[in-house]
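Here is a short briefing on one protein chain. Look at the sequence and the structure first, then read the points below.

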Amino acid sequence: MSTYPNAATGQPVPYEQAAVSDRSFIATWMFSWLLGFLGVDRFYLGKVGTGILKLLTLGGLGIWWLIDLILTLAGVQRDKEGRLLPDFEEHKLIAWIITAAGFGLWILTTSVSRIFVYVPEQFGPMLPWWQGQ
């Protein structure tokens with residue numbers, strides 16, 4: 001069982017006793033992961049000011065986007081009133097697995113595409129039928 005600091009007192013309380021938001025963890029996580037660089041997750045949580053800043057900076061050039069994604073996955077992301085997201089405990093494992101698989105797929109496709117950029121440059125002259133396309 002996780003404990004979180006109470007928004008008002010700062011004292012640790014179990015997750016079940018913490019004030020919970022009417023916003024969804026799943027929606028916040030998906031917004032943060034897929035559209036976080038546009039600040040959609042911040043707008044969803046009611047944080048319009050930081051949402052606009054995040055939109056104008058494209059997620060703080062990716063750094064703010066990554067930090068918000070980690071905060072959401074760690075379960076410490078709160079809405080505008082400082083309330084925790086209600087369904088975090090039941091969906092955190094699948095969110096971590098899907099996020100890790102997405103980043104793994106991103107690294108794999110980036111690596112493969114780099115190989116296909118490098119191979120024609122090195123072996124193109126040895127292959128007369130290769131037109132460099």
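**Briefing on the chain**

Valine 48 lies in helix H3; helices (H or I, at least four residues) and strands (E, at least two) are DSSP runs, numbered from the N terminus. This is a predicted model, in which local features need pLDDT of at least 70 and side-chain atom pairs count only at pLDDT 80 or more, while totals for chains, interfaces and linings use all residues. Residues are numbered from 1 along each chain as its sequence is written, and side-chain values use heavy atoms, with hydrogens and water left out.

**Overall make-up**

- The chain has 6 helices and 2 strands, and from the N terminus on its elements run β-β-α-α-α-α-α-α.
- Of the 133 residues in the chain, 28% are buried; buried means under 20% relative accessible area, exposed means over 50%, and partly exposed is in between (1.4 Å probe, protein chains only).
- The chain exposes about 8,600 Å², and carbon and sulfur atoms supply 71% of that area; accessible areas come from the Shrake-Rupley method with a 1.4 Å probe, and for residues only the protein chains shown count as cover.
- A contact means heavy atoms within 4.5 Å. Among contacts between residues at least 6 apart in sequence, 55% join residues at least 24 apart.

**Valine 48 and the nonpolar patch**

- Valine 48 counts as partly exposed because its relative accessibility is 44%.
- Phe43, Val48, Ile52, Leu55 and Leu56 make a nonpolar surface patch of about 440 Å².
- Patches are made of residues with over 30% relative accessible area and no salt bridge; like charges are joined within 9 Å, and nonpolar side chains (Val, Leu, Ile, Met, Phe, Trp, Tyr) within 5 Å.
- Helix H3 (residues 48-56) gives the largest share of the nonpolar patch, 4 residues.

**Salt bridges**

- A salt bridge is a side-chain nitrogen of Lys or Arg within 4 Å of a carboxyl oxygen of Asp or Glu. By this rule there are 7 salt bridges.
- Aspartate 41 forms a salt bridge with lysine 54, with the closest N and O atoms 3.0 Å apart. Aspartate 41 lies in helix H2 (residues 40-44) and lysine 54 in helix H3, so the pair ties together parts that are 13 residues apart in sequence. Aspartate 41 and lysine 54 are both buried.
- Arginine 83 and aspartate 79 meet through their side chains in a salt bridge (2.9 Å, N to O). Arginine 83 is partly exposed, at 25% relative accessible area, whereas aspartate 79 is buried, at 4%.
- Glutamate 89 and lysine 92 also meet through their side chains in a salt bridge (3.4 Å, N to O). About one helical turn separates glutamate 89 and lysine 92, because they are 3 residues apart in helix H6. Glutamate 89 is partly exposed at 28% relative accessibility, and lysine 92 is partly exposed at 28%.
- Salt bridges that share partners join Asp22, Asp79, Glu81 and Arg83 into one network.

**Glutamine 77**

- Glutamine 77 sits in the loop between helix H5 (63-74) and helix H6 (88-123).
- Is glutamine 77 buried or exposed? Glutamine 77 counts as buried because its relative accessibility is 4%.
- Beyond its neighbours within four places in sequence, glutamine 77 is in contact with Thr28, Leu45, Lys47, Asp68, Leu71, Thr72, Arg83, Leu84 and Leu85.
- Glutamine 77 and phenylalanine 25 are 52 residues apart in sequence, and their C-alpha atoms are 8.9 Å apart in space.
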